[in-house]
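Hello,

Here is the structure I promised to pass on to you. Please open it next to this email and follow along as you read.

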Amino acid sequence: MTVPAIETKELVREYRMKRSPQNPSGAPVVALDGVTLDVPQGEMFGLLGPNGAGKTTLIKVLVTLLLPTAGAARVLGLDVVGQVQQIRERISMVSGGEHSGYGILTVREQLWMFSQFYGLPSKPALARIDELLKVVGLYEERNRRTSALSTGMRQKMNLVRGLLSDPEVLFLDEPTVGLDVTAARDIRAYIKEWIRMKPGRTILLTTHYMHEAEELCDRVAIIHKGRIIAGDAPAALKLRATGGTYFLLTTETLDGISLAGLPGVQRADTRALDGRMELRLHLAEDGAIAGVVKVLADSNRRIFSLQKIEPTLEEVFVQLVGQRLEEADERKAGP
Amino acid sequence: MNDATPARGMLRLLRAILGRSYPRIIGANRDKSWLFYDTVLPLLGTIAFVYVYKALGAPERFVGYVIMGGATVAFWMNVMWSMAAQFYWDKQGGNLELYMVVPCGIPAILLGMSFGGFVGTVIRAIAIVAIGSLLFDVHYTVSQWPVFLLVFGVAIVGLYGLGVTFASLFLLWGREAWHMANLFMEPVFFLSGFYFPVRALGFWAGMGASLIPLTLALDAMRQLLFPGTHPPFLPLGTELGILGALAISFIVLARFLLRKMEYLARREGRLSLRF
Amino acid sequence: MEAADRLRPESAFASWWRTVRVAYWLGWQVESNWTDPLLFFIYSIARPLGGALILVFMYFVVSRGGRGDMLGFFLVGSAFWPFVIAGMMGMAWGIISDREHWKTLKYVYTSPISYRAYLVGRSLAQATSATAATAITLLFGRWVLQIPLHLSSMDIPYALVAFALGITSIMALGFVVVSAAMSISGEAWRMPEGVGAALYLICGAIFPVTVLPAVLQDLAQAIPLTWWLEAMRRGLLGAGGLRSFPWSSDLQVLAIFAAVTAVWVAGGVLVFSYAEQRARALGILDRESGY
């Protein structure tokens with residue numbers, strides 16, 4: 001029986017804080033609050049949550065950058081506190097929004113340098129670098145200085161760095177954050193390709209993009225305020241978003257019209273979209289949509305589109321946390 | 001692709017050292033601005049001090065002192081800006097986290113940084129000594145080459161050991177490394193006697209300043225370069241002995257502080273506040 | 001009413017002065033971290049005194065503990081030199097930090113102000129931060145080294161005029177440096193340091209220019225800082241001190257200094273205008289180096 005790739009039990013991580021006007025008592029911030037996880041080898045596991053939920057802290061504990069305050073964590077059966085070196089031999093990490101590297105070096109040189117930290121012989125290391133650069137579409141830029149790379153190219157280079165040592169467990173911390181749509185799609189495609197070519201490998205991916213987690217992951221855990229509040233296959237998670245139906249409606253600006261109190265309307269999230277308003281409606285039953293349409297019609301609001309939608313992880317998150325992920329992000333970023 | 005079996009142990013250590021020294025060596029080749037900033041600038045300062053001695057009507061060996069001091073500045077600048085402050089830059093740039101999870105370990109990275117920095121600095125120092133000596137027609141007669149090289153070698157080990165010690169301290173201290181490195185500029189040039197014999201400071205001040213390996217190294221090398229005329233601070237053998245003790249102490253201290261830094265970084269999460 | 005106030009035409013000088021004041025305020029906000037005790041110790045005590053003590057001990061080693069005019073010469077030069085570096089840095093970094101770090105260059109440049117006035121304000125703010133180092137070095141010289149810095153023997157009006165002219169000449173040099181910094185990227189931020197090192201050697205900051213080779217002596221006379229430091233020494237140390245230009249009277253020094261400064265101010269403005277035009281033509285005014 002193989003050991004799990006990642007295993008945590010009641011993992012707690014606190015950060016000591018200085019006294020400040022926001023935190024007059026200097027109370028520690030609890031970033032992880034009893035996280036228990038079990039990720040078998042060969043799985044692509046997603047950790048979904050808003051900014052500040054504890055995703056990066058969990059990765060840092062697992063890659064041996066941070067010690068846990070309490071609880072236990074093992075990677076490939078190895079203890080993250082006592083078996084640091086053995087873990088580092090077998091893992092790799094790629095973080096999004098990274099600007100690491102030496103601008104003076106070319107892409108190929110930068111990657112070669114990291115290959116040496118893993119003890120790879122130069123010749124096969126360079127061959128592997130070229131091969132991976134071709135896979136991510138960066139081969140033509142191999143002799144370009146890293147200081148001249150765009151954000152997307154830099155992230156592709158970082159991904160290659162992470163794959164260079166052929167890790168058994170790859171930790172991807174928000175690998176597409178800050179990238180444009182095309183670059184993000186490319187990165188996701190390479191991740192999928194890598195896991196397809198290396199079926200025994202494990203990936204732990206953190207993201208706050210719902211669709212990314214849905215697209216890539218075999219299983220997803222939702223983390224909020226340092227606690228895992230749900231975890232399952234994306235399809236199974238979506239089944240939890242029961243008790244109603246979902247509609248997507250586009251109309252004119254609402255200007256004070258409230259839909260939340262209408263009979264059968266359990267939740268109405270609005271989003272401005274090119275001068276129009278997009279409404280995601282969670283209704284008790286299909287018939288409740290008639291009431292919504294009537295209110296809009298009575299208020300002389302044109303309806304541009306209306307469709308019934310399948311629940312997504314977004315709906316699961318809303319049900320579990322009581323707010324949309326974007327709202328949770330904004331609250332965290334707010335004063 | 002399968003023949004790329006990673007090495008372990010000493011071979012990996014060597015590969016990592018070479019890997020980390022590469023950007024330093026190749027960087028000097030690509031960005032030629034160092035020719036001006038790291039060679040011409042110290043040389044200009046050195047020449048200014050030469051003219052001070054000329055204005056004072058000092059004997060010729062004082063010009064030699066100043067030129068040696070100029071070369072020593074190159075080493076000190078390298079240790080402070082590219083070793084002591086390096087973890088801070090690496091933290092800012094996001095490299096430090098990556099270095100902490102690579103299997104070769106931080107000491108290999110630091111050895112690579114030291115080696116790469118040393119190679120570049122030796123070239124700069126030689127350029128400063130050669131140009132300065134040519135301009136002012138200074139001649140040196142090294143009385144005992146093996147001892148001279150031994151003093152230099154032991155001092156360099158101690159110096160880079162001090163650099164690694166400071167690297168951990170700067171990071172633990174949490175102040176901007178830029179300012180801390182600045183603190184150790186002119187005050188150290190003064191206390192270590194970069195431009196005058198350290199004996200002038202008096203015995204106890206000189207002993208205190210000897211905690212910086214360059215203090216005794218400069219005095220010992222001056223004894224060897226200007227035998228009979230340079231007023232020694234301590235006998236040559238004593239200075240070499242203290243330098244050896246300093247080198248060992250700084251290596252031990254550096255290792256201890258590195259471990260402490262790694263531990264604190266992991267325990268307190270000081271390397272990043274993102275969570 | 002407020003709109004009317006805003007629309008009220010402002011004289012060119014009032015607008016220039018307002019810009020200098022705002023830029024000075026901004027520069028002060030950016031640089032005022034030097035009031036942090038540790039940073040104050042580093043930049044206003046440790047570094048300047050360390051630099052001065054090197055010279056003092058070089059002097060003591062050669063003179064075997066004797067005292068003479070050279071000590072005062074060193075000290076005044078060392079005390080006022082930080083203004084040169086800070087003034088030039090303030091101006092160059094006004095462009096470089098706005099371009100590379102704060103990313104505000106294009107917005108400041110395209111606002112309806114005199115960009116030269118803006119740079120003058122930034123430079124003055126940085127130069128102000130050198131005041132403490134100068135004062136501490138002078139006090140150290142007076143009380144520890146017993147250098148004859150006595151109010152009774154000082155020519156204070158002379159020193160004040162020389163100081164004002166000195167700051168003006170530093171601004172002029174700053175415009176030349178900033179013109180070069182505008183044209184290059186990458187290592188531009190170290191340029192004031194490089195120019196400062198060259199000037200330190202040529203301008204008699206720590207030794208009389210008479211010991212320089214003839215060609216450098218001629219060059220020294222063309223740079224206002226040489227005359228500035230000479231004038232400051234004459235104003236503060238009184239008669240009988242060591243001179244870089246022993247053949248000139250005090251008034252002659254001041255007159256030549258004023259003339260050289262005027263030439264450099266005109267030159268600085270011209271060079272800056274050329275660099276500005278060139279940068280706009282090449283589209284490199286707000287180009288970031290990526291360093």
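Below I go through a sheet in chain A and then the interface between the chains.

Please keep in mind that this is a predicted model.

Let's begin with the sheet. Chain A has an open sheet of 4 strands in the order β2-β1-β4-β5, with antiparallel pairing. At the edges stand β2 and β5 (78-79) of chain A; each has a single partner strand, so one side of each has no neighbour in the sheet. In general, strands of a sheet pair through backbone hydrogen bonds, in a parallel or antiparallel way. Here, β1(A) and β4(A) (residues 70-75) are joined in the antiparallel sense over 5 bridges. Across β1, β2 and β4 of chain A lies α1(A), which runs at about 115° to β1(A).

Now to the interface. Chain A puts 50 residues into the contact and chain B puts in 44 residues. Between them an area of about 4,300 Å² is buried, with carbon and sulfur atoms giving 58% of it.

What holds charged groups together here? There are 4 salt bridges between chain A and chain B. One to find on screen links A:Lys60 with B:Glu97, where the closest N and O atoms are 2.8 Å apart. Across the interface there are also 13 residue pairs in polar contact. On the side of chain A that touches chain B, α3(A) gives the largest share, 6 residues. The residues on that side of chain A divide into 23 nonpolar, 14 polar and 13 charged.

Enjoy exploring!

Key: Residues numbered from 1 in each chain as written. Chains lettered and ligands numbered in written order. Predicted model: local features only at pLDDT ≥ 70, side-chain atom pairs only at ≥ 80, totals over all residues. Heavy atoms only, no water. Contact = heavy atoms within 4.5 Å. Buried area = accessible area lost by both parts, 1.4 Å probe. Salt bridge = Lys/Arg side-chain N within 4 Å of Asp/Glu carboxyl O. Polar contact = N/O pair within 3.5 Å; in protein donor to acceptor, adjacent residues only side chain to side chain. Helix = DSSP H or I, 4+ residues; strand = E, 2+ residues; numbered from the N terminus. Nonpolar A, V, L, I, M, F, W, Y, C, P; charged D, E, K, R; others polar. Pairing = 2+ DSSP bridges. Axes fitted to C-alpha atoms, helices over the stretch in contact; angles between N-to-C directions.
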